[in-house]
Amino acid sequence: MAFISEDFLLQNKTARRLYEEYACGQPIFDFHCHLSPQDIAENRRFKNLFEIWLEGDHYKWRAMRTNGIAELFCTGNASPHEKFMAWARTVPHTLRNPLYHWTHLELKRYFGIETLLDENSAQDIWDHANAKLPDLSAQAILRKFDVQAVCTTDDPADSLEHHERIAASGFSVKVFPAFRPDKALRVEDAQALNEWMGRLSAVANVEIGNLSGLLDALKKRHDDFHEHGCRLSDHGLDFCFAEPCTRQEAEVIFSKVRKGTNASAEEATKFASFLMIFFAQLGAERGWTKQLHLGALRNANSRMLKVLGRDMGFDSIGDGRQALPLARYLDRLDRNGQLPKMIVYNSNPSDNYLFATMLGNFQDGSVAGKIQFG
């Protein structure tokens, strides 16, 4: 029995009028997403419902693990069909969770399926959806929902070759990179940072033997991103880094890490603070908008981090102090004349009022909504 009607979540006449007369016909401008530029460039065609719907979806993996589903059916080597059936067994238990709504909205909007997904309906839904997949390539999906522009999330060490292919293809949707240099901050893991800097050095064609080399390489990639249409930087942080750190201090920390020794927590905070000001300077020169994602507690399960790596569904809301670091960071940029247009997102809803009122402190009348609450 279908429950996703045309009035889903529209609970009164005013809500329906606002949606039907103003919202539903608007195009989509997506300034933060994790879509794959390679999938878009290659106009990926999906073999089955698992590939388009479950592959890499750690939100679904979290629910499946909670439902007693073994890792074999999440990130393991079970077949696509077996993984889909495991998800179907989980869906009824997600009632009152957004996953339940998302699941059935997606089945309806993309595949025209209004049957509730469970273990009994799973095979019919698998067959019906797979039959419709030839019409749902990566580019076809973007066109279907009138997407006008998409900003992907890209590391400075990424080559941007897929963005070049998209731009040269004449694809009607504008696809731009967004500069996400989080890995440059991870001086607490010398091995990972040095491996990453090897890739950065190669793509930037800049030798990174000291701090100046790192900054030159990051500046070179910032310029390259700008030439590819990028106008957004994107930072995923536990909290804002705004501790005083001189260039000499940053040089000492960097030298230590380059030699293979992990930085301490205090050193990591100071180095991140130094780089976040450097990134702000680069953005100010180019007139970019900055996006800050603050307050997640990442990789809480150290055992699974070691087994599976990052971004596998073991992040949660953090409850770290946000007000003072955020105020210090925004104030420092404002004093230096480097405060850009900015969107600030918080992970912890307990911080909603904190963030909303903080941003009002730094509006300067130069443009409406210069600092926005994401």
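K219 is partly exposed, at a relative accessible area of 31%. (Buried means under 20% relative accessible area, exposed over 50%, and partly exposed in between, with a 1.4 Å probe and protein chains only.) The model is predicted: local features need pLDDT of at least 70 and side-chain atom pairs pLDDT 80 or more, while totals for chains, interfaces and linings use all residues. Residues are numbered from 1 along each chain as its sequence is written, and side-chain values use heavy atoms, leaving out hydrogens and water.

K219 pairs with D223 in a salt bridge, with the closest N and O atoms 3.0 Å apart. (A salt bridge is a side-chain nitrogen of Lys or Arg within 4 Å of a carboxyl oxygen of Asp or Glu.) Both residues sit in helix α11, residues 211-227, and are 4 residues apart, about one turn of the helix. (Helices are DSSP runs of H or I with at least four residues, strands are runs of E with at least two, and both are numbered from the N terminus.) D223 counts as buried because its relative accessible area is 17%.

K220 and D224 form a salt bridge at 3.1 Å, N to O. They too are 4 residues apart, about one turn of the helix. K220 is partly exposed at 34%, whereas D224 is buried at 10%. An α-helix has 3.6 residues a turn, so residues three or four places apart point the same way.

## Salt bridges elsewhere

The whole structure holds 19 salt bridges. One of them links R298 to D315, with the closest N and O atoms 3.9 Å apart. R298 is in the loop between β6 (296-297) and α14 (302-308), and D315 is in the loop between α14 and β7 (316-317), so the pair ties together parts 17 residues apart in sequence. R298 is partly exposed at 35% relative accessibility. D315 is partly exposed as well, at 21%.

Elsewhere, salt bridges that share partners join D39, R44, E51 and E55 into one network.

## A negative surface patch

E6, D7, E20 and E21 gather in a patch of negative charge on the surface. A patch takes residues with over 30% relative accessible area and no salt bridge; like charges are joined within 9 Å, and nonpolar side chains (Val, Leu, Ile, Met, Phe, Trp, Tyr) within 5 Å. Asp and Glu count as negative, Lys and Arg as positive; His and the chain ends are not counted. Each charge is placed at NZ of Lys, CZ of Arg, CG of Asp or CD of Glu. Areas come from the Shrake-Rupley method with a 1.4 Å probe, and for residues only the protein chains shown count as cover.

E6 belongs to the segment before α1 (13-23). Its relative accessibility is 64%, so E6 counts as exposed.

## Strand β8

M342 lies in strand β8. Its relative accessible area is 1%, so M342 is buried. The C-alpha atoms of M342 and K290 are 4.7 Å apart, although 52 residues separate them along the chain. Not counting residues up to four places away in sequence, M342 touches T289, K290, L292, L330, L333, K370, I371 and Q372. (Contact means heavy atoms within 4.5 Å.)

Y345 is also in β8, which runs over residues 341-346. Y345 is buried at 17% relative accessibility. Its C-alpha atom is 8.6 Å from that of G295, 50 residues away along the chain. Beyond neighbours within four places in sequence, Y345 contacts F31, H32, Q291, L292, H293, L294, F355 and G374.

## Helix α5 under cover

Helix α5 covers residues 80-90, and K83, F84, M85, A86, W87, A88 and T90 are buried in it. The elements covering these buried residues include α3 (49-53), α4 (58-66), α6 (98-111) and α7 (122-132).

## Positive phi angles

Most residues other than glycine have a negative phi, and most peptide bonds are trans. L9 has a positive phi, near 70°, and is not a glycine. L9 sits in the segment before α1 and is exposed, at 62% relative accessible area.

N43 is not a glycine either, and its phi is positive at about 45°. N43 lies in the loop between α2 (37-41) and α3. At 18% relative accessibility, N43 is buried.
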